[in-house]
Amino acid sequence: MIPELGHFALILALLMALVLAVFPMVGSLNNTPGWVAVARPAAFGQFTFLLIAFACLVNAFLVNDFSVTYVAQHGNTKLPNIYKVSAVWGAHEGSLLLWAFILGGWTLAVALFARSLPDEMLGRVLSVMGMVSIGFLSFMLFTSNPFARTFPVPTEGRDLNPLLQDFGLAIHPPMLYMGYVGLSVAFSFAIAALIGGKLDTSWARWSRPWTTVAWVFLTIGITLGSWWAYYELGWGGWWFWDPVENASFMPWLVATALIHSLAVTEKRGAFKRWTVLLALLAFSLSLLGTFLVRSGVLTSVHSFAADPARGLYILVFLCIVIGGSLALYAWRAPDVSSGGSFNVLSRETLLLGNNLLLVVITAFILLGTLAPLIYDALGWGKISVGFPWFNTMFIIFTPFLVLLMGLGPLTRWKHHDAADLLRQFRIALLVSICAGVLAALPVFKEGSAYAGLAVMLSVWLVTTLFLSLRRRLSYRRGVAAILKDFSARGSGSYYGMLLAHFGVAVFTIGVTFVTLYDIEKDIRMAPGEEVELAGYTFRFDGVESVPGPNYQADRGTIRVFRQDREITTLTPEKRTYLVQTKPMTEAGIDAGFTRDIYVSLGEALGGGSWSLRLYYKPFVRWIWLGGILIALGGILAAFDKRYRLAVNRKVMASPATPKDKLATQGQT
Amino acid sequence: MSRQLRYLLPLAAFLLLAGLLYRGLSLDPKLVPSPLIGKSMPAFTLPRLQDPDATLSDSDLLGEVFVLNIWATWCIACRAEHDVLLELARSGAVDIYGLNYKDQRDSAKSWLQQLGNPYVANAFDADGRTGIDWGVYGAPETFVIDRQGIIRHKHIGPLTMEVLNEEILPLLAALKAET
Amino acid sequence: MTPKRRNRIILIVLMIAGVGIATGFALKAFNENLMFFYQPSQVIAGEAPAGRLIRVGGLVTTGSVQRQPDGLTVQFALTDNIETIRIQYTGILPDLFREGQGIIARGRLGDDRIFIAEEVLAKHDENYMPPEVADALKAAHEKGVSETGAAGTTP
């Protein structure tokens, strides 16, 4: 009965989405306020029904209702409750439901919190979101119904894929989807603005916090995914340039460009056409990612079970949404007035440069991701693009990106005198080059030009950020001055920027050092045997069998010493999940600020010996620390008091006040 | 380039991409074309499902057009295609043999008892080695073999009435017409 | 030419030059990192270049896995049901590596026609499934394969 209720709620949600898509849009076009007013209640209704549907599926998992095919395929009575809930989005149908549910949530959030928006604009925004929702809900109902029943009813479920029975992966998809779907808000704002022909600073001001929040979720989602891959796959890798990973990274890059471009549009009224195009692209890439993951056109380590019929459906949907929006863009963009003029040397130029770099990187990742498909389609053979290529590209582009990142915050809008700029940068340039050269010297470990480059870039970022802060505080000193400034209106975005850019510096160090200096050893060890790696002594104390709730584990014991002092005892496991009888590696990790020690079990080689994988991974935590800092920066920026005041006071959108501008520019 | 045209570029790029993706849908990156089509069926000798003491081998099957269906009780899609197999058996168009793949004898027997038995006989391939010889990637798969023992067609995935009517039955008719 | 216009042109030229150079580098690297995929029968037929990084894929022949005394070097046969090649790999095989299972190996073809793998990928089973079955079979197939697999590799 309850699954039918869920199915029915989905149908009602689809009807609500139809209402939401049609009435406010038509009403806004022929000036019928009554129709526009439908938007809010419809958004509320749609969310309610999706909530019911979602709750029904969660319930089906919790009560082990195996008459539901999806539950029978991915649930199990022995599955711990937390994974019963996360099993809801563990495969295609349920993850679509999660996607639709989150979209409903974002729609409701816009309806509730975007009160400063004129009704007409709000109606259009919600209507566009309704249209996207129609696509997903009908896709689910017609091709991938999570509530479909199976008969005869199996007595036991097939269990969730063991790879997914992990806390990191339980919360990774919701975060990622919050990001993907959140970009639909920026998309809808862009479409609504294009329809209304009013691409102005207030449009940028409205969509900025939404875009930033979505971007924060995307950042967290990607960081979580990387962390999960690191400890769960047992190879110690943290990024594989897999199509699915690329599918999440491309929207992130474009969304990063978008939040910067929105800043220019809000403050200077420039780049309007470019910004709106980025808003369309960011969400388009999220949708493209969905297509790639679910249609089976590309192979990937963690793609969903694919289905060409579904692929065709998504492709048609893509053509309508992306094709339609780009056609609208081609039609309306030429009429958009170009904004404030600026000089070659100005913050606008630097941001444009950064934008361009981000888009170029995205284009290359897209090329690398689709290359196998292109070659196959043209009959040039079956190929794959090795991950070294993606890495090379990053090495080519990142220095420029970071260079501009350092310059940007110190450069004035509109025009900045080259000599003055150079004077300001002298110290940063000097310090970073010295640090870089020092790091490249063979004093510490073997010297490496790459390590020098990374250190130089990070120091460059940090010193320029410091210079920028110093100037912003007008040379007032002390923590009190910072705190006072921090709590001022409009400073959230500045400090957010500071934190996020600092995160990039941390990330750069982490990536470079772990890539250059990690040490790996595959070795066969008998109980009692010892081995040295990177100054640590690993002693293998054998493997014992340990039962888990729904698996049986072989648990190894490895004690790690440094100069006879015991550092830690690691217990990597090799689990065999009972239902899917699939082996899973659980790595034993001793996490540290400057290094991780990582051990995973290979195979039993007889006589109690095992093959083991030992890793020493310097600074690997800095990768995710950087990700967290970037996300925190985004949170600070998104909750800048400026936006909150605008909401609370129901101030009709007005360009930033002069005082505001002063504060956020941090100069003049 | 005219100013107006410039804004059409993103759309043009997308349409190109969409075309590529459409083409991609009809390609399958994982498809390993079955190298067995047009070749003689691999030899095997396996115990029968219903009677462990008797065997079923490729030579028993030679001489008539027949269908070999790879199935197992653990296979959800096999349940889905079972009615189609029953339908095919009822039509009398062809003899259906089964290869019970990596299964347990008891559950396989009770499956046939409960759902009906479309097979003339079943070979019991407990460790799946014969399946590997036949290039089986997963159950269900269905092969059509002609009088000379040449594999003429392989269908991967559950049979549906559509597949039956559009692919299998016309092929069977053609094969039977061959001398 | 007004200063504003000149500025704009400088800007555009700078950007095009920068992007162009970077694109050149990236595409050059792209060609070097392209790995072609071959089946065992293509390798036997001499279509695969020796010494270049390529990928081969197929099924691991049952009963062919041999471990060298060091315990880490493994040789096995890979087949596409037409031809069979030998693969050598040193290191820890992935969890899902089993006899009878589909794998992809990345590496180079040696002079003695033994393929020296740098990496062996045993992907999720569903990736070796045609899409239309994969969904329905996902759960079931893994069970079937792993049951025999477990029996095949136990020492």
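Two strands count as a pair if DSSP finds at least two bridges between them, and that's the rule I'm using throughout. Helices (H or I, at least four residues) and strands (E, at least two) are simply DSSP runs, numbered from the N terminus.

Okay, quick housekeeping. This is a predicted model: local features need pLDDT of at least 70, side-chain atom pairs count only at pLDDT 80 or more, and totals for chains, interfaces and linings use all residues. Residues are numbered from 1 along each chain as its sequence is written, while chains are lettered from A and ligands numbered from 1 in the order in which they are written.

Let's begin with a sheet in chain A. It is open, with four strands in the order S2-S11-S10-S9 and antiparallel pairing. At its edges stand strand S2 (519-525) and strand S9 (588-590) of chain A; each has a single partner strand, so one side of each has no neighbour in the sheet. From one strand to the next, the twist averages 15 degrees; angles here run from 0 to 180 degrees between N-to-C directions, and axes are lines fitted to C-alpha atoms, for helices over the stretch in contact.

Zooming in on one pairing: S2(A) and strand S11 (residues 609-618) of chain A run antiparallel and are joined by seven bridges.

Strand S4 (residues 95-101) of chain B pairs with S5(B) in the parallel sense, over five bridges, and B:Tyr101 stands opposite B:Asp125 in S5(B). By touching, or contact, I mean C-beta atoms, placed from the backbone, within 7 Å of each other.

Now, where do chains A and C meet through strands? Strand S1 (residues 383-385) of chain A and strand S1 (residues 34-38) of chain C run antiparallel, joined by three bridges. A:Ile383 has C:Phe36 in S1(C) as its bridge partner. S1(C) also pairs within chain C, in the parallel sense over two bridges, with strand S2 (residues 54-60) of chain C; there, C:Phe37 is partnered with C:Arg55 in S2(C).

Chain C as a whole has three helices and seven strands, and along the sequence the pattern reads α-β-α-β-β-β-β-β-β-α. Of its 155 residues, 47% count as buried, where buried means 20 or more other C-beta atoms within 10 Å of a residue's own, exposed means 12 or fewer, and partly exposed is in between, with C-beta atoms placed from the backbone.

Last topic: helices in chain A. Helix H16 (residues 449-472) of chain A has 24 residues, and at 1.5 Å a residue it should span 34 Å; its end C-alpha atoms are 34 Å apart, which agrees. The expected span is 1.5 Å times one less than the number of residues. After H16(A) comes A:Ser474, with a positive phi near 50 degrees.

How do H16(A) and H18(A) cross? Their axes come within 9 Å and cross at roughly 165 degrees. That makes the two helices roughly antiparallel; the cut-offs are under 35 degrees for roughly parallel, over 145 for roughly antiparallel, 65 to 115 for roughly perpendicular, and the rest oblique. The contact includes A:Leu461 and A:Val462 of H16(A), plus A:Val504 and A:Ala505 of H18(A).

Is A:Val504 buried or exposed? A:Val504 is buried, because 21 other C-beta atoms lie within 10 Å. Leaving out residues up to four places away in sequence, A:Val504 touches A:Met405, A:Leu461, A:Gly626 and A:Ile630. The C-alpha atoms of A:Val504 and A:Val462 are separated by 9.6 Å, with the two residues 42 apart along the chain.

Key: Contact = placed C-beta atoms within 7 Å.
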